[in-house]
Amino acid sequence: MRLTSLYDALSKRRIHGQKSLAVLLDPDNLDEVSCRQLLELSEQHTVEYFFVGGSLVMNSRQAALIRFIKSRSSIPVLLFPSHSLHLDDQADGILLLSLISGRNPDFLIGQHVIAAPLLRQSNLQILPTGYMLVDTGRQTTASYISGTTPLPHDKPGIAACTAMAGEQLGLRLMYLDGGSGALYPVAPAMIRAVRQAVDVPLIVGGGINTTEKAQAALAAGADVIVVGNQIEKSPEFLAEMSKIVRSFNSVATKTV
Ligand code: 1GP
C-alpha cells in the first residue's frame, strides 16, 4: 500500500514540530445551519482537518454532511469510522482505525476485512491508525459499542507499550482518545509516554474543552488535537483552539 499525500503532510508537520487542529464533525449532532457556521469559522481561523464520524452514526446524514463540506471548503475531510459501513468516497481519506487498546478481534481486524475490497476500489487515502481508547471517567459510546476495556487513565506505561506494538506492526499514526465528551482528557503523562515510545504522528482527543487542556496536550507531545463537543456547544471555541495551535507553531518555526 502506497503512503499518501495526506500522510506525507502529517509526517512533515511532525518533523518540523508543527501542530495541527482537527475538528470532529459528528453527523448525528450537526444540522446544516451549525455546519455552515463552523465552515465559515474554519475559513477565518486555520483548521487542518475535519474528522467526520462518531461511535454510532444513527442517521443517514454522513454522506450529505461530507458533500456539504466539500462544496464549501478545501480543508481535507478524514473519515473517522466506527465500522465498515461508514465508508464514503467523497472524503479525502480515512483513519483506518485498529482498536489496539482493546481485545475485540472485530475492531482489531474483522471490520477491516469487510471494508478492504471497497477501500481498494475507492479513491480514499488510507491512514493506518493505532486507536487507543483511554478511561476518562465514564463509559463512552466508543468503549461500549466496541465492547472493549479502555486503557487505565493512570497507566502511561501500558499506553506506551501498546503504541510501540502498534508501530512495530506497521501502523503509521497513533490516536489516544478519551472518547467524545470525556469527563477529563487523556493525562499529559500518558501523552508524553506515548510520544517518547513511538516516532509516528500522535493524535489526541476526547474531553478537550478548555484552552488549558489543549495547551497541556500539545505541550505533552500531541501532534494533532481533536475537538468535537466543545466546538458543537460553542462554535467560537474553534477560534481559541486555532490560536493555541498557531502559537505553538510560531515558537516551533522560530526555533528551527
Ligand atoms: C472523540 O476525540 C474525539 O473521539 C473528540 O472528543 O467530542 O470530547 O471533543 P470531544
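**Exercise 1.** Is G206 buried or exposed?

*Solution.* The model is predicted: local features need pLDDT of at least 70, side-chain atom pairs count only at pLDDT 80 or more, and totals for chains, interfaces and linings use all residues. Residues are numbered from 1 along each chain as its sequence is written, and side-chain values use heavy atoms, with hydrogens and water left out.

Step 1. Buried means under 20% relative accessible area, exposed over 50%, partly exposed in between (1.4 Å probe, protein chains only).
Step 2. The relative accessible area of G206 is 11%, so G206 is buried.
Step 3. Contact means heavy atoms within 4.5 Å. Apart from neighbours within four places in sequence, G206 is in contact with D177, G178, G179, A182, P185, V186 and V226.

**Exercise 2.** Which polar atoms lie within reach of ligand oxygens as polar contacts (here, pairs of N or O atoms within 3.5 Å)?

*Solution.* Step 1. From the side chains, a polar atom of S180 lies 2.6 Å from a ligand oxygen, and an N or O atom of Y175 is 3.0 Å from one.
Step 1. From the backbone, an N or O atom of G206 lies 3.1 Å from a ligand oxygen.
Step 2. Taken alone the ligand exposes 310 Å², of which the protein buries 97% (Shrake-Rupley method, 1.4 Å probe).

Notes:
A polar contact is a pair of N or O atoms within 3.5 Å; within protein, one must be able to donate a hydrogen and the other to accept it, and residues adjacent in sequence count only if both atoms are side-chain atoms.
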